[in-house]
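Please read the points below alongside the sequence and the model.

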Amino acid sequence: MSSTSRAWMVAGTVGLVEALKDQGFARWNYAIRTIHHHAKSNLRSISHTKNLASPAAMASTKAMEEKLNQSEESLRKVMYLSCWGPN
């Protein structure tokens, strides 16, 4: 391909991109990119959800729930004692 045809191809491509920008395509591109980024960072993949259903994950979830329950019970006792303690 000669350098003249390459130059025309580059000029045409740049013109096309600028025309798409003028039509608002760049804004749609930003919106699509933002949605993709949000989905990628906030939604779990199928393989990740399968890993969560494993017995090890279930055991760690139970351990976390037990620890949370213990913390809540301790807080309840402290709140109760602070209400009835020396004033």
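1. The structure is a predicted model. Its chain has a mean pLDDT of 76, and 75% of the residues reach 70 or more.

2. Where does the mean pLDDT of the elements stand lowest, and where highest? Helix α3 (residues 46-52) has the lowest mean value, 57, whereas α1 has the highest, 86.

3. Overall make-up. The secondary structure consists of 4 helices and 0 strands. Read from the N terminus, the order of the elements is α-α-α-α.

4. Helix α1. This helix covers residues 3-22, which gives it 20 residues. From the first C-alpha to the last, α1 reaches 28 Å, close to the 28 Å expected at 1.5 Å a residue. Gly 24 follows α1 and has a positive phi, near 95 degrees.

5. Burial and surface. How much of the chain is buried? Of its 87 residues, 2% are buried, a class that requires under 20% relative accessible area. The chain exposes about 8,300 Å², and carbon and sulfur atoms supply 65% of that area.

6. The salt bridge. The count of salt bridges comes to 1. It joins the side chains of Arg 76 and Glu 73, with a distance of 2.8 Å from N to O. This pair meets the criterion because a side-chain nitrogen of Arg has to lie within 4 Å of a carboxyl oxygen of Glu.

7. Setting of that pair. Both residues belong to helix α4 (residues 55-84), and because Arg 76 and Glu 73 are 3 residues apart there, about one helical turn separates them.

8. Exposure of that pair. Are these two side chains' residues buried, partly exposed or exposed? Arg 76 has 48% relative accessibility and therefore counts as partly exposed. Glu 73, at 36% relative accessibility, also counts as partly exposed.

Note on methods:
Residues numbered from 1 in each chain as written. Predicted model: local features only at pLDDT ≥ 70, side-chain atom pairs only at ≥ 80, totals over all residues. Heavy atoms only, no water. Helix = DSSP H or I, 4+ residues; strand = E, 2+ residues; numbered from the N terminus. Buried < 20%, exposed > 50% of the residue type's maximum accessible area, 1.4 Å probe, protein only. Expected span 1.5 Å × (residues − 1). Areas by Shrake-Rupley, 256 points an atom, 1.4 Å probe, with all protein chains shown as cover. pLDDT = per-residue confidence, 0-100.
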